[in-house]
Amino acid sequence: MLARDGDAGREDGLLEAQALLAWRRVQLRRGGSSADFDWLLEFAGGLGWSQLQRLRLDPGQPVALRCSLGAIAALWSQHLETATPLQYLVGIAPWRDFELAVGPGVLIPRQETELLIELVQALGLAAQAGSAPLLWADLGTGSGCLALALAQLLPTSFGLAVDASATALAQAGANLERQGLAGRVALRQGSWWQPLQPEWGQLDLVLSNPPYIPTPVWQELAPVVRDHEPPLALDGGPDGLDALRAIAAGAPQALAPGGWLLLEHHHDQSEAVQALLAEQGLEAIQPHPDLEGHGRFVSARRPALAADPPGSGPGDQLTPRPGEDHG
Ligand SMILES: C[S@@+](CC[C@H](N)C(=O)[O-])C[C@H]1O[C@@H](n2cnc3c(N)ncnc32)[C@H](O)[C@@H]1O
């Protein structure tokens, strides 16, 4: 649809760039950041950032938006008044080369999580999957972002996407369907490793971006996050490590021998997460930085020759696989 608001529109339904830029300045005077407003112009109005820069250089040219200025202004008002994330208002979150559908009850995928996929490539796992298909899992799939990326990156492999939230799983399913990737991923509802019990001992690659924010930190987050995004996706308990402990505990038995676990965590948890994985007998434990150089990811693998899992701790929730010698 072309913009047709009388304030900035022309008879042919197009907008004068100069009028659009003046209208944008008016909207920004109401509050909020220009980065957020330009995101809205792009994902609601269809006017990308580079196009916006071109308008500045040539303010005489006509512009077509895919919705009216009034519709964009109404979304902006709602964002300013209620702190609702723009992604929920528009229903879209760009992530890697996907435009994912998102809504309340599902975490908005963050750009740093894209690095988990880069890590899969850096560890040579995409190349390995080219010669022998992998069985992979995404624990806490949310919108399905990691599952979509893995399904695309490892086209001959099969994946399992787990979440405790039915809302998240429905969203992940819809996103997989939209991208034509649903046939390569099965969705399972439940807690971490539990719904994967039939595949314990066979998982070659497991990714997880679990809730890891310590509760006191979560309580102080900006309202746009704390009051709108699901606490189940963010709040990692008193020290932020509840989910990471549970995932580490199940890894020695759920991973295939030689299988990889790649985790995202809070910026100050690298040593704690490495220690949790070492306690479970995983090897090749390696921290990885985000783009700002903060340790935000850890990779580790189950030893290729099955090692005895520790005799106590939460890993005991898992029963041995048939035929596995635990000494
Ligand atoms: C930080 S979000 C990550 C979502 C998505 N993978 C991403 O990177 O955007 C964590 C996800 O874990 C899910 N979750 C929380 N507790 C869980 C549990 N016990 N078992 C499985 N999933 C859980 C939440 O519902 C949420 O979707």
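**A guided tour of the predicted model**

Of the 327 residues of the protein, 39% count as buried (20 or more other C-beta atoms within 10 Å of a residue's own; exposed means 12 or fewer, partly exposed in between, with C-beta atoms placed from the backbone). The model is predicted: local features need pLDDT of at least 70, side-chain atom pairs count only at pLDDT 80 or more, and totals for chains, interfaces and linings use all residues. Residues are numbered from 1 along each chain as its sequence is written.

Begin with the whole protein in cartoon view. Its secondary structure comes to 14 helices and 11 strands, taken as DSSP runs (helices H or I of at least four residues, strands E of at least two) and numbered from the N terminus. Among contacts with a separation of 6 or more, 66% join residues 24 or more positions apart; a contact requires C-beta atoms, placed from the backbone, within 7 Å.

Next, select helix α6, residues 114-122. Leu116, Ile117 and Val120 are its buried residues. Viewed down the axis of α6, they fall within an arc of 100°, so they line one face of the helix; the arc is that of the directions from the helix axis to the C-beta atoms. An α-helix has 3.6 residues a turn, so residues three or four places apart point the same way. Turn to the face directed away from the buried side, where Gln121 and Ala122 are exposed. Now display the partners of the buried residues: α7 (125-131), α8 (145-153), β8 (203-208), β9 (255-264) and β11 (295-301). After α6 comes Gly124, with a positive phi near 80°.

Select the ligand and its surroundings. The shell holds 22 residues, the closest being Gly140, Gly142, Ala164, Asn209 and Ala233; a residue is near the ligand if its C-beta atom, placed from the backbone, lies within 6 Å of it. At least two shell residues come from each of α8, β6 (158-163) and α12 (231-234). By type, the shell divides into 13 nonpolar, eight polar and one charged (Ala, Val, Leu, Ile, Met, Phe, Trp, Tyr, Cys and Pro count as nonpolar, Asp, Glu, Lys and Arg as charged, and the others, Gly among them, as polar).

Finish with two backbone details. Most residues other than glycine have a negative phi. Ala83, in the loop between α4 (69-82) and α5 (86-90), has a positive phi near 60°. With 14 C-beta neighbours inside 10 Å, Ala83 is partly exposed. In strand β10 (residues 283-289), select Ala284: its phi is positive, near 50°. Ala284 has 13 C-beta neighbours inside 10 Å and therefore also counts as partly exposed.

Methods:
Two residues are in contact if their C-beta atoms, placed from the backbone, lie within 7 Å.
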